[in-house]
Amino acid sequence: MASPLVRAPVSEETRLACFHALPEKPFWKEKLDQISGVLFLSDTMRHRGRLILSTIMPLYGDAQLLKTYFGIAEDDLSGRLYFLVLHVWLLHRRLVALQEELTRDALWEAVDDLYRAILSEAHVSEMRLSAYVREMQQTALGFCLLLDEAFDRPLFAGETALRIWFMVFKAKEERRFSPHVLDLTAYLLRTSKFVAEIPTDLLLRGSFSWPRWPPHLDGAPAVEAETEDGGKTFFSKM
């Protein structure tokens with residue numbers, strides 16, 4: 001069985017499950033949408049950013065997935081937000097490669113809207129809301145820069161794991177080589193391959209879903225060991 005750390009190619013099963021074909025439109029409707037997109041570009045981009053972000057929200061809200069496989073507790077808001085930012089960062093890199101700057105900006109604006117919604121739900125006062133959002137933006141940017149740096153190095157897997165431990169797991173020494181750090185690293189590396197292969201038209205319309213985890217390698221379920229906290233992992237504790 002292949003290691004989950006390998007950036008495995010996207011299987012045909014994953015393509016069928018995650019790449020959602022766009023409905024065919026009559027010629028006149030397609031032209032009307034193009035004209036509307038030009039006339040109302042700002043609204044179109046804002047909607048696009050929200051659509052793309054909405055693909056991540058089921059993962060962000062999956063408390064069982066986060067706790068069982070990545071050791072991120074339901075009440076660990078920062079850990080959950082870092083998990084969300086991992087996906088946004090992968091999409092950001094793909095959009096930059098496609099030179100889709102407006103879509104990239106719209107995606108981050110949608111993230112900012114999410115931050116505001118979370119803070120409002122926590123009853124943060126309006127006077128302090130903007131300051132908190134800026135702080136969250138800066139933290140997310142710092143995390144993304146660390147990941148960029150890791151992915152550009154030859155030993156990218158180890159460098160990525162180090163940064164995930166430092167940010168997501170708050171650099172706690174007892175979790176430095178924990179299975180959950182390695183599992184989240186494996187998840188990110190495999191998901192990066194998936195994002196690179198999303199068809200552009202589906203990406204820009206948010207017409208895709210993220211691959212299931214744990215992955216199924218070579219047509220069989222991945223081997224999972226138990227962790228000390230009752231979760232599951234590919235890796236035994238080092």
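Trainee: Noted. What do the side chains of Asp113 and Arg116 meet in?
Mentor: They meet in a salt bridge, at 3.3 Å from N to O. Arg116 counts as partly exposed, with 36% relative accessibility.

Trainee: What else does Asp113 form a salt bridge with?
Mentor: Asp113 also pairs with Arg50, where the closest N and O atoms are 3.4 Å apart. That pair links distant parts of the chain: Asp113 sits in helix α7 (residues 101–121) and Arg50 in helix α3 (residues 41–54), 63 residues apart.

Trainee: How accessible is Asp113, and how about Arg50?
Mentor: Asp113 is partly exposed, at a relative accessible area of 23%. Arg50 is partly exposed too, with a value of 43%.

Trainee: Which residues are linked in that network of salt bridges?
Mentor: The network is made up of Arg46, Arg50, Asp113 and Arg116. As a general point, side chains of opposite charge can pair when their charged atoms come close.

Trainee: And how many salt bridges does the structure hold?
Mentor: There are twelve. One of them joins Glu197 and Lys193, at 3.4 Å from N to O. Glu197 is partly exposed at 22% relative accessible area, and Lys193 is partly exposed at 28%.

Trainee: Changing topic: how many aromatic pairs does a search of the whole structure find?
Mentor: It finds eleven. Among them is the pair of Tyr187 and Trp213, which is edge-to-face, with 5.2 Å centre to centre and 85° between the planes.

Trainee: Where do Tyr187 and Trp213 lie?
Mentor: Tyr187 is in helix α10 (residues 179–196), while Trp213 is in the loop between α11 (200–204) and β1 (216–217), so the pair ties together parts that are 26 residues apart in sequence.

Trainee: Is Tyr187 buried or exposed, and what about Trp213?
Mentor: Tyr187 counts as buried, because its relative accessibility is 3% and the cut-off for buried is under 20%. Trp213 is buried as well, at 12%.

Trainee: Which ring face does Arg80 lie over, and which one does Arg176 lie over?
Mentor: Arg80 lies over the face of Tyr60, at 4.4 Å from the ring centre. Arg176 lies over the face of Trp165, also with 4.4 Å to the ring centre.

Trainee: Last topic, confidence. What is the mean pLDDT of the protein chain?
Mentor: The mean is 82, and 74% of the residues reach 70 or more.

Trainee: Which elements have the lowest and highest mean pLDDT?
Mentor: Helix α2 (residues 27–39) has the lowest, at 49, and helix α6 (residues 77–97) has the highest, at 96.

Trainee: Where does pLDDT stay under 50?
Mentor: Over residues 1–6, for which the model has 18 contacts beyond four places in sequence. Where pLDDT is low, the predicted coordinates should not be read in detail.

Key:
Residues numbered from 1 in each chain as written. Predicted model: local features only at pLDDT ≥ 70, side-chain atom pairs only at ≥ 80, totals over all residues. Heavy atoms only, no water. pLDDT = per-residue confidence, 0-100. Helix = DSSP H or I, 4+ residues; strand = E, 2+ residues; numbered from the N terminus. Contact = heavy atoms within 4.5 Å. Salt bridge = Lys/Arg side-chain N within 4 Å of Asp/Glu carboxyl O. Buried < 20%, exposed > 50% of the residue type's maximum accessible area, 1.4 Å probe, protein only. Phe/Tyr/Trp six-rings, centres within 6.5 Å; stacked < 30°, edge-to-face > 60°. Lys NZ or Arg CZ within 6 Å of the ring centre and 35° of its normal.
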